[in-house]
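Colleague: I would like to learn how to read pockets and surface features in a model. Could we go through one together?
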Amino acid sequence: MLDVDTDSLGTPAPGAAALARRLAVPAGLLAAVAGAFVYVGAVDPNEPGHYPACPLLEYTGIFCPGCGGLRSAHAVVHGDLAAALQANVLAVAGYALFAVLWTVWVVRATRGRPLRIDLGPTHLWTAGALTLVFTVVRNSPFGGWLHP
């Protein structure tokens, strides 16, 4: 909960109201992501029947970059980082990246500055190439250690 400064009548001070407005969207996003993680932590994806199967894996036998992501999230919620990394190392990197970006967003919003993420074509091509390499390696005979 935000500690909001108030005047003698109990109304929020102008600076505090502006801060609360700036932090509303990051707080809402965190609540949504936390809710999703709580749900995945409570409903075990390792038990059949709780979540739909990956269509790419179901029909082709190929692991997509997201295969094992729910099992990874479940392991993160339960504090088992080794199992999370084994289920989907790319998803764990995504969770960490989200945490860093969200923290930067909150710090910048607190200071009254917007979040600016200037991704150029090089960044996007690099992310796409890493995802492609991850997918190819996890589906190759020598990439069995990346299977979920």
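Colleague: What volume does the largest pocket have?

Modeller: Keep in mind that this is a predicted model. Its largest pocket has a volume of about 360 Å³. The lining has 17 residues, and those closest to the pocket centre are Pro 52, Ala 53, Cys 54, Leu 70 and Arg 71.

Colleague: Which elements give two or more residues to that lining?

Modeller: They are α2 (55-60) and α3 (69-77). The most comes from α3, with 3 residues.

Colleague: How does the lining of the largest pocket divide by class?

Modeller: There are 9 nonpolar, 5 polar and 3 charged residues.

Colleague: Staying with α3, which of its residues are buried?

Modeller: A residue is called buried when its relative accessible area is under 20%. In α3 that applies to Gly 69, Ser 72, Ala 73, His 74 and Ala 75. Just after this helix comes Gly 79, with a positive phi of about 80 degrees.

Colleague: How much space lies in the second largest pocket, and which residues line it?

Modeller: The second largest pocket holds about 210 Å³. Its lining is made up of Leu 90, Ala 91, Ala 93, Gly 94, Leu 97, Leu 101, Ile 117 and Leu 119. By class, that is 7 nonpolar, 1 polar and no charged.

Colleague: Which residues form the nonpolar patch on the surface?

Modeller: To join a patch, a residue needs over 30% relative accessible area. Here the patch consists of Leu 97, Leu 101, Ile 117, Leu 119 and Leu 124, and together they have about 470 Å² of accessible area.

Colleague: Where is Leu 119 found, and why does it count as exposed?

Modeller: Leu 119 sits in the loop between α5 (89-110) and α6 (121-138). The cut-off for exposed is over 50% relative accessible area. Leu 119 counts as exposed because its relative accessibility is 53%.

Colleague: How many salt bridges does the structure hold?

Modeller: A salt bridge is assigned when a side-chain nitrogen of Lys or Arg lies within 4 Å of a carboxyl oxygen of Asp or Glu. This structure holds 1. The partners are Arg 116 and Asp 118, whose closest N and O atoms are 3.6 Å apart.

Colleague: Are Arg 116 and Asp 118 buried or exposed?

Modeller: Both Arg 116 and Asp 118 are exposed.

Notes: Residues are numbered from 1 along each chain as its sequence is written. This is a predicted model: local features need pLDDT of at least 70, side-chain atom pairs count only at pLDDT 80 or more; totals for chains, interfaces and linings use all residues. Side-chain values use heavy atoms; hydrogens and water are left out. On a 1 Å grid over the protein atoms alone, a cavity is a set of points where a 1.4 Å probe fits but cannot get out, and a pocket is an open set with protein on both sides within 12 Å along at least five of seven lines; lining residues have an atom within 4 Å of a point. Grid points are joined across faces, edges and corners, and a volume is the space filled by probe spheres set on the points. Helices (H or I, at least four residues) and strands (E, at least two) are DSSP runs, numbered from the N terminus. Ala, Val, Leu, Ile, Met, Phe, Trp, Tyr, Cys and Pro count as nonpolar, Asp, Glu, Lys and Arg as charged, and the others, Gly among them, as polar. Patches are made of residues with over 30% relative accessible area and no salt bridge: like charges are joined within 9 Å, nonpolar side chains (Val, Leu, Ile, Met, Phe, Trp, Tyr) within 5 Å. Accessible areas come from the Shrake-Rupley method with a 1.4 Å probe; for residues, only the protein chains shown count as cover. Buried means under 20% relative accessible area, exposed over 50%, partly exposed in between (1.4 Å probe, protein chains only).
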